[in-house]
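Thanks for making time this morning. I would like to walk you through one model, going from the overall fold down to a single residue.

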Amino acid sequence: MSEPVVAVVSVRHPGVAELIDALTIELAGGGYTEEETFGYSAEQLEASGVHLVGASLDEELVGIGGVELQADGLGELKRFYVDPAHRGRGVADAMMSALVEYATAHGVTTLRLETGDQQRAAQGFYARHGFEVVDRFPPYVDSATSVCMSRSLA
């Protein structure tokens, strides 16, 4: 079994679009309405300057994740996803490490994220990586299905 290789990836990489679409489909299958999903499209990732990494196994892109640098030492994880066929192989851990390293190097002192209330495996993964549930922050304040989490990098 090969180790995941994590590297910066362009939103224009064809595999990125496939993974974004797969995440959107997975969330829709979880019962979330369009208004309850806040994921960025490839265009929004690019326009917001999200630092995007991709994880590959045997040269196949199997995961993506990004961090958006925000004001006041904040960073927010965006579009964190691993193809279900490749989960449990260290892909998500490797991507999280790369994103935390990038965020820290760019002055982020608090890394935060939004996930759905039905995404129990994701919540457990984030908790294992030091994230704790916090009050919903904008733009998720009025979203009853949103679970916001935060981790100090300071």
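What share of the contacts in the protein with a separation of 6 or more comes from residues 24 or more positions apart? The share is 64%, where contact means heavy atoms within 4.5 Å.

Before going on, a word on conventions: this is a predicted model, in which local features need pLDDT of at least 70 and side-chain atom pairs count only at pLDDT 80 or more, while totals for chains, interfaces and linings use all residues. Residues are numbered from 1 along each chain as its sequence is written, and side-chain values use heavy atoms, with hydrogens and water left out.

The protein contains four helices and seven strands, taken as DSSP runs numbered from the N terminus (helices are H or I with at least four residues, strands E with at least two). Starting at the N terminus, the order of elements is β-α-α-β-β-β-α-β-α-β-β.

The seven strands make an open sheet of mixed pairing, ordered β1-β2-β3-β4-β5-β7-β6, and two strands are said to pair if DSSP finds at least two bridges between them. Its edge strands, each pairing on one side only, are β1 (5–8) and β6 (132–134). At the β1 end, β1 pairs with β2 in the antiparallel sense over four bridges, and Val8 has Val53 in β2 as its bridge partner.

Turning to the interior, 45% of the 154 residues count as buried, that is, under 20% relative accessible area with a 1.4 Å probe and protein chains only. The largest nonpolar core has 25 residues; such a core is a set of buried Ala, Val, Leu, Ile, Met, Phe, Trp, Tyr and Cys residues joined through side-chain atoms within 4.5 Å. Among the residues with the most contacts inside this core are Leu77, Tyr126 and Phe131. The helix α3 (91–105) is one of the elements that each supply at least two residues of the core, and α3 gives the most, with eight residues. Leu77 itself, leaving aside neighbours within four places in sequence, is in contact with residues including Val67, Met96, Leu111, Tyr126 and Phe131.

Finally, is Thr115 buried or exposed? Thr115, which lies in strand β5 (residues 110–116), counts as buried because its relative accessibility is 9%. Not counting residues up to four places away in sequence, Thr115 touches Ala122, Gln123, Tyr126, Thr145, Ser146 and Val147.

Methods. Buried < 20%, exposed > 50% of the residue type's maximum accessible area, 1.4 Å probe, protein only.
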